[in-house]
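User: I am new to this structure and would like a friendly walk through its aromatic rings and one of its helices. Could you take me through it step by step?

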Amino acid sequence: MSNGNEKIWINSADDHLTEPADIWVQAGLSERSMKLAPYSKIENDREVYYCEGKEIFRVPMAMSEALHPPGADDLRLRMNDLDKEGIWASVSFPSVGIWTTAMTDRAAHLECVQAYNDWCASEVVSVSPRLVPAGVIPLLDFDDAYRETERLLQKGFQTVFLPTSLPNDLGYNDERWEPLWSLIEEANVPVSFHIGTGPMPKIQARGLGGAVINYFETCVPAQRT
């Protein structure tokens, strides 16, 4: 509550962390995984994201620059930003690393996910308990998902991240996920989903109404989930 003069503090459920440009190098990924790991680069007037060597997403540079204020790269500056904006806690998803959810190679996927989670554990959690990184769960193998979630819980992650679209036409109501749900429930840790993640929709509408159709196709998996 506010008397009109006090700042009203809120919690943000969707912020993003900017990983180091060389995060995969720092992690010592295998040469094969390095070739498949997601990355971004500037092409003409757009920032283009690649995963397993294929273009997967692009944004205009104006949007990319708007999403990268100084606090995006310096988490201690970000704390000042949060204070100014009245944001008490920030659930934060990956930026480049969010595209690990679209990977199809199990070994490379697991390496990338663990590298990102280790970076969060060492470089983000220590800054402030108000920064709440969502640990990424690998989803190309049920055992990998369970073991990495165990590791995330041991490292003290306060939430875990799952995509809204699953690989291999799986659904979250598949009974083979039950051990994972039980593990998360027992730990009393919330699950965080992010729109537009996982295998990308096959529909790429063009022409009149195409933008609306594509936007809908990006968002509707959240409702389905």
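Analyst: Here are some questions and answers on ring pairs, charges over rings and a helix, all based on a predicted model.

User: How are the rings of Trp-9 and Trp-88 arranged: stacked, tilted or edge-to-face?

Analyst: Let's start with the geometry of these two rings. Their centres are 5.8 Å apart, within the 6.5 Å that makes a pair. The planes stand at 90°, and an angle over 60 degrees counts as edge-to-face. So the arrangement of Trp-9 and Trp-88 is edge-to-face.

User: How many residues apart in sequence are the parts that this pair of Trp-9 and Trp-88 ties together?

Analyst: Trp-9 sits in the segment before strand E1 (10–16), while Trp-88 belongs to strand E5 (residues 87–93). The pair therefore ties together parts of the chain whose separation in sequence is 79 residues.

User: Is Trp-88 buried, partly exposed or exposed?

Analyst: The relative accessibility of Trp-88 is 47%. Buried would need a value under 20% and exposed one over 50%. Trp-88 therefore counts as partly exposed.

User: Which residue lies over the face of Trp-88?

Analyst: Both rings of this pair have a charged residue over the face. For Trp-9 it is Lys-7, at 5.5 Å from the ring centre. For Trp-88, at 4.3 Å from the ring centre, it is Arg-130.

User: What kind of pair do Phe-57 and Trp-99 form?

Analyst: Their ring centres lie 5.2 Å apart, with the planes at 35°.

User: Where in the chain does Trp-99 lie?

Analyst: This pair links distant parts of the chain, 42 residues apart. Phe-57 is in strand E4 (residues 54–60). Trp-99 is in the loop between E5 and helix H6 (106–123).

User: Within what arc do the buried residues of helix H8 fall?

Analyst: Helix H8 (residues 178–187) has Leu-180, Leu-183 and Ile-184 as its buried residues. They line one face of the helix, because seen down the axis of H8 they fall within an arc of 90°.

User: Which exposed residues does the face of H8 turned away from its buried side carry?

Analyst: The buried residues of H8 have cover that includes helix H7 (142–154), strand E7 (159–163) and strand E8 (191–194). The face turned away from that buried side carries the exposed residues Glu-185 and Glu-186.

Conventions:
Residues numbered from 1 in each chain as written. Predicted model: local features only at pLDDT ≥ 70, side-chain atom pairs only at ≥ 80, totals over all residues. Heavy atoms only, no water. Phe/Tyr/Trp six-rings, centres within 6.5 Å; stacked < 30°, edge-to-face > 60°. Helix = DSSP H or I, 4+ residues; strand = E, 2+ residues; numbered from the N terminus. Buried < 20%, exposed > 50% of the residue type's maximum accessible area, 1.4 Å probe, protein only. Lys NZ or Arg CZ within 6 Å of the ring centre and 35° of its normal. Arc of directions from axis to C-beta. Contact = heavy atoms within 4.5 Å.
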